[in-house]
Amino acid sequence: MSGHDQAGSSVRWRRFAGSALALVLCGLLRVASATSSLSFDGGGYVIDLEIGDDAKPMVAAVHFHAPGDAQGVVLARETWRVIAFEPRRQRLVLQHDDAAAVPAFSLSVQRGDAMLVIDGRRVHASFDWGA
């Protein structure tokens, strides 16, 4: 390969690498800005919901804090399900069934009113949709 061919190849490689890096960074920035969170805070319980704000918002992760537990636990995805999630109508129903690490619970939200049912208790609290 001649010196001219090597120089051209080097320039093409740098352009390709620069373009690839730009695409990766754009993707990371999009992911970083594509989440928000909603929280329930009542009766000492805190449930943080990580929301993916893509074309159709969805609950991406659930963090559960029992009364007095500052660290909390991230619930495994297979232990919870979303029955309803309608941000525009401000409606959410979430069910956690696996009582191994965290007691089974259900969280129901209608507009600004939320109810957590856990350990036979009903905990009412307000809910901020962050609108």
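Strand β7 (residues 105-110) runs antiparallel to strand β8 (residues 113-118), and the two pair over 6 bridges; here, strands are DSSP runs of E with at least two residues, numbered from the N terminus, and two strands count as paired if DSSP finds at least two bridges between them. The model is a predicted one, in which local features need pLDDT of at least 70 and side-chain atom pairs count only at pLDDT 80 or more, while totals for chains, interfaces and linings use all residues. Residues are numbered from 1 along each chain as its sequence is written, and side-chain values use heavy atoms, with hydrogens and water left out.

Within this pair of strands, Ser 108 is placed opposite Met 115 of β8. Ser 106 also belongs to β7. Its relative accessible area is 16%, so Ser 106 is classed as buried (buried means under 20%, exposed over 50% and partly exposed in between, with a 1.4 Å probe and protein chains only). Apart from neighbours within four places in sequence, Ser 106 has contacts with Leu 94, Gln 95, Met 115, Leu 116 and Val 117, a contact being heavy atoms within 4.5 Å.

Stepping back to the sheet as a whole, 9 strands make up an open sheet with antiparallel pairing, in the order β4-β3-β2-β1-β9-β8-β7-β6-β5. The edges are taken by β4 (73-74) and β5 (80-86); each has a single partner strand, so one side of each is left without a neighbour in the sheet.

On to the next pair: β2 and strand β3 (residues 58-65) are antiparallel over 7 bridges, and a hairpin of 5 residues links β2 to β3. Leu 49 faces Val 62 of β3 in this pairing.

With a relative accessible area of 23%, Asp 48 is partly exposed. Not counting residues up to four places away in sequence, Asp 48 touches Leu 38, Ser 39, Ala 61, Val 62, His 63 and His 65. With Ser 39, the side chain of Asp 48 forms a side-chain polar contact at 2.5 Å; such a contact is a pair of N or O atoms within 3.5 Å, where within protein one must be able to donate a hydrogen and the other to accept it, and residues adjacent in sequence count only if both atoms are side-chain atoms. Asp 48 and His 65 are 17 residues apart along the chain, and their C-alpha atoms are separated by 8.4 Å.

Definitions and conventions:
Helices (H or I, at least four residues) and strands (E, at least two) are DSSP runs, numbered from the N terminus.
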